[in-house]
Amino acid sequence: MFKNNFKIAWRNLWKHKLFSAINIISLAIGFSASFVIGLMVYYDMTFDKFHKDADHIYRVTSNFVSNETEYGNPGVAVPLVDETKNNMSGIEAASGIHIANLIKVEDGLNKKVYKNPEYVVFTDSEYFKIFDYTWLAGSPNYALNAPNQVVLTKERATKYFPDTSPEDIIGQTLIYNDSIQTKVTGVVKNFEERTDLIFQEFLSLGTSKKTNDAQHILEPNWGSTNSGSQLFIKVTGLGAISTIQNQLNKLAEEQRTDYDKQFNRRRTFHLQPLKDIHFNQRYSIFNFSARPASKSVMLGLGFIALFLLLLGCINFINLNTAQANQRAKEIGIRKTLGSSKKQLIFQFMGETFLLTLASALLSVVLAYWLLNVFSDFTPKGLEFSLFKDPFIIGFAVILILVVTLLSGLYPALVL
């Protein structure tokens with residue numbers, strides 16, 4: 001029966017070529033626009049969602065109030081790092097990261113010099129207890145426990161030591177700024193999912209001794225807050241968040257100086273969820289060449305995609321109901337030959353499914369074209385390959401079925 005219905009549906013669509021083409025093209029335009037917009041929303045909404053216990057990871061930020069002026073800073077006073085590690089409850093792990101501004105690096109194997117290495121940070125082994133990296137060589141337990149140690153991502157390790165296995169890279173030498181000789185103690189796999197944690201080289205804190213950042217990192221004070229020094233914590237549970245926030249509030253008040261009180265200045269610390277970093281316009285992300293995404297914009301784009309789909313469905317319904325008179329004779333003959341109302345509905349729903357499927361396939365081609373045309377206006381990582389994501393494929397299948405139901409049910413009942 002299904003095979004017979006399919007054949008009849010195909011013949012009807014082929015018989016009314018112009019009508020079918022108009023339906024397919026109009027629905028395909030709505031689909032393609034919705035697919036592109038949907039990809040944009042999905043791309044931004046899935047940043048750093050892959051981390052284990054991602055909902056337990058927070059960045060501690062600073063807010064400043066002076067008279068009627070208020071502003072935020074993603075960094076914290078460096079002493080807060082030790083406070084969270086040693087004197088605060090509810091915290092499973094805490095790690096400070098300090099952006100390193102280095103002039104050059106030379107690999108000890110090939111003597112090749114690389115100028116202005118990007119995405120280099122000073123940190124400690126606690127960082128790898130908060131974020132789950134896959135270790136290709138070395139161990140997170142001792143990789144950054146001593147001065148002059150460095151951990152590289154696979155991408156950066158391949159750049160410095162091409163055609164060398166991760167195991168053989170361990171123990172190799174990297175020389176920063178001509179005088180800081182370090183030893184590679186670990187190689188980790190780059191994150192394959194979308195992330196704002198774009199760091200490629202991790203230097204131990206003691207390595208900063210011979211840099212301009214030494215005083216800031218190794219001899220910190222509560223009066224200095226730098227956006228390049230940030231603090232990440234992993235909480236023991238969601239129930240500990242209020243306790244931690246209360247401890248931060250108390251600590252901020254304790255460190256308030258007489259000068260601050262005299263001029264009505266106040267600093268507070270806040271817990272920013274990891275999932276909020278990509279969207280919060282108040283603070284920055286680590287890729288300074290890009291701006292944080294906007295949740296309100298994403299929501300607006302989602303409504304636009306939904307509206308375009310709805311418009312396509314309404315257009316489809318209008319076209320099909322307008323054809324009712326032309327198909328009245330066909331329906332009368334089918335009823336005379338014994339077709340039930342249920343069978344007729346399934347027949348027309350089958351035709352709608354074929355049209356929707358053809359539109360969806362055409363829309364994939366159009367979406368590929370749209371992504372290429374507007375590539376200068378979309379995020380760098382937004383590529384057509386996202387269509388291979390199982391979630392996107394599953395969503396597309398469900399969307400086709402829903403659109404088939406919305407577009408075809410009313411015309412089927414009317415006809």
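## Helix H3 and its surroundings

The buried residues of helix H3 pack against strand S1 (57-66), strand S3 (91-99), strand S12 (229-235), helix H8 (241-254) and strand S13 (265-273). Within H3, which spans residues 79-86, the buried positions are Pro79, Leu80, Val81 and Thr84. Here buried means under 20% relative accessible area, exposed means over 50%, and partly exposed lies in between, with a 1.4 Å probe and protein chains only. Helices (H or I, at least four residues) and strands (E, at least two) are DSSP runs, numbered from the N terminus.

## Basis of the model and overall make-up

This is a predicted model, in which local features need pLDDT of at least 70 and side-chain atom pairs count only at pLDDT 80 or more, whereas totals for chains, interfaces and linings use all residues. Residues are numbered from 1 along each chain as its sequence is written, and side-chain values use heavy atoms, with hydrogens and water left out.

The secondary structure of the chain comes to 13 helices and 13 strands, and 48% of its 415 residues count as buried. Among contacts in the chain with a separation of 6 or more, 76% are between residues 24 or more positions apart, where a contact means heavy atoms within 4.5 Å.

## Strand S1 and its partners

Strand S1 is largely enclosed by the rest of the structure, because 8 of its 10 residues are buried. S1 pairs with S13 in the antiparallel sense over 9 bridges, and Val65 has Arg266 as its bridge partner in S13. With S12, S1 pairs in the antiparallel sense over 4 bridges, and Ile57 stands opposite Lys234 there. Two strands are taken to pair if DSSP finds at least two bridges between them.

S1 also runs antiparallel to strand S2 (residues 69-73), to which 5 bridges join it, and the bridge partner of Phe64 in S2 is Tyr71. The hairpin of S1 and S2 has 2 residues between the strands, and Asn67 in this hairpin takes a positive phi near 55 degrees.

## A buried glutamate in a loop

Glu126 is found in the loop between strand S6 (120-123) and helix H4 (127-130). With a relative accessible area of 19%, Glu126 is buried. When its neighbours within four places in sequence are left aside, Glu126 is in contact with Lys85, Ala93, Ala94 and Ser95.

## Nonpolar cores

The largest nonpolar core has 25 residues, and those with the most contacts inside it are Phe31, Phe35, Leu39, Leu382, Phe387, Leu399 and Val403. The elements that give two or more residues to this core are H2, H10, H12 and H13, with H2 giving the most, 8 residues. A nonpolar core is a set of buried Ala, Val, Leu, Ile, Met, Phe, Trp, Tyr and Cys residues joined through side-chain atoms within 4.5 Å.

Not counting residues up to four places away in sequence, Val403 touches Leu27, Phe31, Leu309, Cys313, Thr356 and Gly408.

About 1200 Å³ of space lies in the largest pocket. Of the 36 residues that line this pocket, the closest to its centre are Tyr43, Phe47, Asn287, Lys380 and Gly381. Helix H2 (17-45) and helix H10 (295-322) each supply at least two residues of the lining, which divides into 16 nonpolar, 10 polar and 10 charged residues. A pocket is, on a 1 Å grid over the protein atoms alone, an open set of points where a 1.4 Å probe fits, with protein on both sides within 12 Å along at least five of seven lines, and lining residues have an atom within 4 Å of a point. Grid points are joined across faces, edges and corners, and a volume is the space filled by probe spheres set on the points.

The second largest pocket holds about 590 Å³ of space, and of the 23 residues that line it, the closest to its centre are Phe35, Ile392, Phe395, Ala396 and Leu399. H2, H10, helix H12 (341-373) and helix H13 (390-414) each supply at least two residues of this lining, with the largest share, 8 residues, coming from H13. The lining of the second largest pocket divides into 20 nonpolar, 3 polar and no charged residues, where Ala, Val, Leu, Ile, Met, Phe, Trp, Tyr, Cys and Pro count as nonpolar, Asp, Glu, Lys and Arg as charged, and the others, Gly among them, as polar.
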